[in-house]
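Please have the sequence and the structure open while I speak.

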Amino acid sequence: MPALSALPDLSSLPLPAATALQPIARALDGLDAASLWWLSGYAAGLARAGAAAATIEPASVASAPPRLTVLYGSQTGNAKRAAEALAASAEVAGFALRLLRTEDYPQRELKDERLLWLVISTQGEGEPPEDSLGFVDFLLSRRAPKLPELKFAVLGLGDSSYPKFCETGRQIDARLAELGATRLQPLGEADVDIEIVATPWRQRALEGLQALAAQLAPSAPAPAERSASVVALRPAIAASLHSREHPFKAELLDQTRLTGPGSARDVRHIELSLAGAGLSFQPGDALGVWAPNPSALVDAVLQLTALDGDLALSLDGVERPLRAWLSEHRELTRLAKPLLVALGTVSQHKELQALLQPAEAESLSALLSTHQVIDVLRWWPGAWSAEAFVRALRPMAPRLYSIASSPLAYPDEVHLTVDVVGAEDGDPLRLGIASHQLAELAPGSSARVFIEPNTRFRLPADGSRDLIMIGAGTGVAPYRAFVQQRAAEGATGRHWLLFGARSLRDDFLYQLEWQEALKRGELQHIDLAFSRDAKPRVYVQQRLREQAARLFEWLDGGAHLYVCGSLALGRDVQQTLLDLFSARLGSSEAAHEAIQQLQQSGRYARDVY
């Protein structure tokens, strides 16, 4: 047996500061045993490399290019995946790097950065993702340092259906330049079909990095030559697990309609089996569901475009019948600006041409948010080729649902709270594809699913912490999982639910379960707001105002605050919190800082969509 190299004397090593361990704990949260074992070996390799680097002559160290920092801000995981691909390409090329979520990045280190890639998405009306609020606020503030030594590149992700497309990426790119930093390449702006922009941008970014390295150290070997081996960012075993790219077929166990006959909504409780999937999740995570477009909708689209569904179409090296492209690989219920731009080319309708002008941005946004592909095909018919039509459509995306069950309470199962989109209209061509598929499942039939981790919406590790849970409609789903999990773990912290819906009689989701939780002492307080039962209408944020004394009592005691629901709910609750903190602290600036501290400490989490 070959001799093992000597291990360092661990007793002589200083312990890292608690503040340094916090982002590490957050990053490790939710990893399975195999991943943790892989990471332990990866960390050991880094430690050995660091020890070896300490013996290198100073001249050799100076010849190496600066370490690359790759930051990402992600709401749904797309920016995270794009950043991981960027980091992987740089790592394979031999560059030293670190990959961090923006909320885990020590802002004080920005002044010393030399190479920075940043991938960030834009949400709603030009807002940063939740995990980037603090970083963006810092960068745009007067506290941000001058950055004359920094070289950077920004890849923005967005949806051109919204007027402020890639707004956060644009703000960051402009601000870094304003602070004196130098662009390695122009801002990339990726639409919903991310890879069309991200792939060539990534290649150019890597080429620019390699050119910079050669310029900084022309006599030094290329990074790839200096690195005898390259360690992958993720363990190889990840490819064999069920994932977004390789979903699991989960069988339906049971489903129940939660809303009453008088409700305008059809909300279902769905129970799926994960037996044999090898999937694990935590309360707060989401379940991704891949669903095909309804065949009736595909037929209608083929008829309106006068295209042959049996035509074999090859795109980017992949050949499928046109019907297959439209059924499983392109969005037909979500309208996007690229389709309208292409439609303007093939139809030449003056009304459409006018709508695409910058002055009509708000009208265009309203159209995109309220209508579907089939509508514009009817209004503005045109002569399409199969390739042009498919390229103009958005790529199919999974639908994400907050998980409504605890893995401890229901092992090998996952529960969802699903609002069946379009059920109130009765139009078979306007149904939500995933919600309709789930609602139509019979026991024993299956849906293709995967786990989408949501590390920013998790229970506190300390079971004695209190929870304040604010939600409306199906936004109550993760709180069902929270209370189940804490009861199974024997947590001692209190639970307070603030729930809003339209009516008590027909829309109080999980009413009996919440009443039983109150009786068992698993739920200490519940405040309800049923908007249609009161005049004037009352909403959940008003209940929060009424309970301001309790809110601050709990927060002062270390409670964690959660908000789950629509973007509108998130904005309304945020404004309510600002008002309440302003009244308490005496200024809006102090209120903003206090709320930001709650977010940065992990005690204020939002899952809004």
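Predicted model: local features only at pLDDT ≥ 70, side-chain atom pairs only at ≥ 80, totals over all residues.

The crossing of α9 and α10 is right-handed. The contact is built from V298, D299, V301 and L302 on the α9 side, and from L322, R323, L326 and S327 on the α10 side. By class, the residues of this contact of α9 with α10 are five nonpolar, one polar and two charged. As for the geometry, α9 covers residues 295-305 and α10 covers residues 322-329, and the two pack at an angle of about 130° with their axes 10 Å apart. That angle makes α9 oblique to α10.

As an overview, the chain holds 23 helices and 19 strands, and 46% of its 609 residues count as buried. Among the contacts in the chain with a separation of 6 or more, 77% are between residues 24 or more positions apart.

Helix α23 is formed by residues 588-600, and α5 packs with α23 at an angle of about 135°, their axes lying 10 Å apart. This makes α5 oblique to α23. Here L133, G134 and D137 of α5 meet H592, Q596, Q599 and Q600 of α23, and the contact of α5 with α23 divides into one nonpolar, five polar and one charged residues.

Next comes α6, together with the residues on either side. Is C166 buried or exposed? Its relative accessibility is 1%, so C166 counts as buried. Helix α6 itself has twelve residues, 167-178, and at 1.5 Å a residue these should span 16 Å, which agrees with the 16 Å between its end C-alpha atoms. Within α6, the residues T168, G169, I172, D173, R175 and L176 are buried, and what covers the buried residues of α6 includes β3, α5, β4 and β5. Just after α6, G180 takes a positive phi of about 100°.

Which residues are buried in helix α16, residues 433-440? They are I433, A434, S435, L438 and A439. The buried residues of α16 pack against β7, β8, β9, β12, β13 and β14.

In the loop between β12 and β13 sits D412, which has a positive phi of about 65° although it is not a glycine. D412 counts as exposed because its relative accessibility is 52%, whereas C166, as I said, counts as buried. A383 lies in the loop between α14 and α15 and, with a relative accessibility of 66%, counts as exposed. The C-alpha atom of A383 is separated by 7.2 Å from that of T305, although these residues are 78 residues apart along the chain. Finally, in the loop between β17 and α20 you will find P536, which is joined to K535 by a cis peptide bond with an omega of about -5°.

Definitions and conventions
Residues numbered from 1 in each chain as written. Heavy atoms only, no water. Axes fitted to C-alpha atoms, helices over the stretch in contact; angles between N-to-C directions. Helix = DSSP H or I, 4+ residues; strand = E, 2+ residues; numbered from the N terminus. Parallel < 35°, antiparallel > 145°, perpendicular 65-115°, else oblique. Left-handed = near helix turned anticlockwise from the far one by under 90°. Contact = heavy atoms within 4.5 Å. Nonpolar A, V, L, I, M, F, W, Y, C, P; charged D, E, K, R; others polar. Expected span 1.5 Å × (residues − 1). Buried < 20%, exposed > 50% of the residue type's maximum accessible area, 1.4 Å probe, protein only.
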